[in-house]
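Here is a short briefing to read alongside the coordinates. Have the viewer open and follow along topic by topic.

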Amino acid sequence: METEVCIIGAGPAGLMAAIFAAEAGARTTVVEANSSPGRKLLLTGAGRCNLTHEAAPQELVRAFGAKGRFLSYSLYQFSPQAVQDFFARLGLGMKLEKDGCVFSAAGRASDVRDALVDRARSLGVTLLYGRRVGVVAREAGSFVVGAGQGQIRADKLIVATGGLSWPQTGCTGDGYRFARQFGHTIVETKASLVPVVTREDWPGQLAGTAVQEAKISTHINNRKLTTAGAIIFTDDGIGGPAVLDMSWYLTDHLPAAQTPIGLTLDLAPYIEQVQLEAQMTERMAGNAKKKMRNVLAEFVPKRLSVLLCGQASCDDALPAGQIKKDARKRLIRLIKALPLSIVRTRPISEATVTRGGVSVSEIEPKTMESKICPGLFFAGEVLDIDGPCGGYNLQACWSTAALAGSPGAQDPHTV
Ligand SMILES: Cc1cc2nc3c(=O)[nH]c(=O)nc-3n(C[C@H](O)[C@H](O)[C@H](O)COP(=O)(O)OP(=O)(O)OC[C@H]3O[C@@H](n4cnc5c(N)ncnc54)[C@H](O)[C@@H]3O)c2cc1C
C-alpha cells in the first residue's frame, strides 16, 4: 500500500504525530505491533494518566536537564497549556493536582488513549494493528516498511517505537535498529525513574513497608540533590516516587558496586531534628512503661521502628523510660538521616522510562527530522530524552510528535 506519512508505533507519540500529519492533509498510516494502541499509555499514572505538567515551557526545559536545550523549541511550540487545550477540544476532562500534575479528570488513562484514537480515525488515519515492522528500507526516494505480509511505501517515515522499558507493552528497541540502519548513533540505554538496589540487605526485611513522606538526599559531583515523596522498601532496596525521582540523577553513575552512592533517608522531613527530639522525649516520658518500639511507631511504621532500634543498639522491647539519652539521640539521628548505599538500578525492563536512545545531536530540533536521512523523523521515548516523574515524559512525547507530524519545518498547529 502507499501512503504519504507512515508512523511506526501507536503509542502516545505515534498517535499524536498521526493527528498532526492528518490535520495537515497528509494521507497517514500508523503501524502498530500490538493488537491495540497505546498499551503503555493505559498504565500511565497508575492507570490515571498524568498527561502533562502544568508549568511554563522554560520550567520544563530546565526539568529536562542537559536535554532541555534540544527540547526547548518543541516545548514552546506545543506547550503544556497547548496540550491541555488540544485535549480539551477533543472533549477530555482534565484535573490539575496541587503538585502541577495534570490527570484525566475521570482518572482513566483509557480516556486519553481513546480521545487520540477517535481523533485520528475521524481524520481518516489508517490504523494497522498486530503488524510488527521488521524491516525498513529506502528505495528511490521512498521508505519501504515491511510489516507482516504487506509492504507500505511512504514519502515520510516517523519512528515512534518507544524505548526499552516495560517490554510487555511492545517496546523492544526496534526503533534503535531502524535508526542505526540509517546511520544514527544510539546513546547507551539505561533505566530511569526506577527502583534502586542497596548494598545493605536490611531493606529486604522491610519489603512492602512504605513511608508516605520522606526526603532523600545525596551528593553527586559536590552537588547536593534531594527528592521528596513516598518511599517503599523492596526485596533488594528501595522504590516509590521519591526514589524514582532520585534514580533520574543516579542512573548515569550506576552501577557502582565498588564505590556505592551514599544517600540518606529523612523519615520525618516535616519536622526539624530539635523539634523531633523534644516530641520524642515528651512521648517517652509520658509512656515510660511502653515498649520503645511502640513509642517509636508513632513516628515511623512499626516494622521500621524495630529496625531503627536495632541499628541504634537500643533494645526495642525495653520500656521507653529505661532508654538512655545517647540511645535516644542515635534513634533521632537515624530517623532524620538513615544511611543507605546504592549499587545499581533495577533492570531497564522495570524502569518507567529509558535514558539514552537516538542521539539528539543528529536530529533537527525544530522538526524532529534526521540530519542524516531526509524524510526520516523520530518522536517520543525512542529519542535520547527522559524527564523526571510528573507528566514530563508524556509532554515530551506530545511536543516532539507534534513537530514530527507537522509538514516540513512549519510550526505545529492545534486542532
Ligand atoms: C508504568 C508506567 C507509568 C508511566 N506513567 C507516566 C505518567 O503518568 N506520565 C508520564 O509523563 N509518563 C509516564 N510514563 C512514561 C510514558 O508512558 C512513556 O514515556 C510514553 O509511553 C512513551 O511514548 P512513546 O509513544 O514514545 O512510546 P510507547 O508508549 O512505548 O509506544 C511505542 C509503541 O510502538 C510500538 N512498536 C514498537 N516497535 C514496533 C515495531 N517494530 N512495529 C510496530 N510497532 C512497534 C509498541 O508496541 C508501542 O505501542 C509511564 C511509564 C510506565 C512504564
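Predicted model: local features only at pLDDT ≥ 70, side-chain atom pairs only at ≥ 80, totals over all residues.

**Overall picture**
- The protein has 13 helices and 20 strands, taken as DSSP runs (helices H or I, at least four residues; strands E, at least two) and numbered from the N terminus.
- Of its 415 residues, 49% count as buried.
- Its C-alpha atoms fill a box of roughly 85 × 45 × 35 Å along the principal axes.

**Helix α4**
- In α4, which runs over residues 80-89, the buried residues are Pro80, Ala82, Val83, Phe86 and Phe87.
- Seen down the axis of α4, these buried residues fall within an arc of 160°, so they line one face of the helix; the arc is that of the directions from the helix axis to the C-beta atoms.
- Their cover includes β3 (50-53), α2 (57-63), β4 (94-96), α5 (109-122) and α13.
- Just after α4, Gly91 takes a positive phi of about 90°.

**Around the ligand**
- The ligand has 40 residues around it, with Gly9, Gly11, Gly162, Gly170 and Gly380 coming nearest (near means a C-beta atom, placed from the backbone, within 6 Å).
- α13 (392-405) gives the largest share of this shell, four residues, and α1 (12-23) also supplies at least two.
- As for α13 itself, 14 of its 14 residues are buried.

**Nonpolar cores**
- The largest nonpolar core has 76 residues, of which Met16, Ala17, Val145, Ala379 and Ala401 touch the most other members; such a core is a set of buried Ala, Val, Leu, Ile, Met, Phe, Trp, Tyr and Cys residues joined through C-beta atoms within 7 Å.
- Apart from that core lies another, of 51 residues, with Val194, Leu250, Met284 and Val300 among them.
- Beyond its neighbours within four places in sequence, Met16 is in contact (C-beta atoms, placed from the backbone, within 7 Å) with Leu116, Cys397, Trp398, Ala401, Ala402 and Gly405.

Key. Residues numbered from 1 in each chain as written. Buried ≥ 20, exposed ≤ 12 C-beta atoms within 10 Å, placed from the backbone. Contact = placed C-beta atoms within 7 Å.
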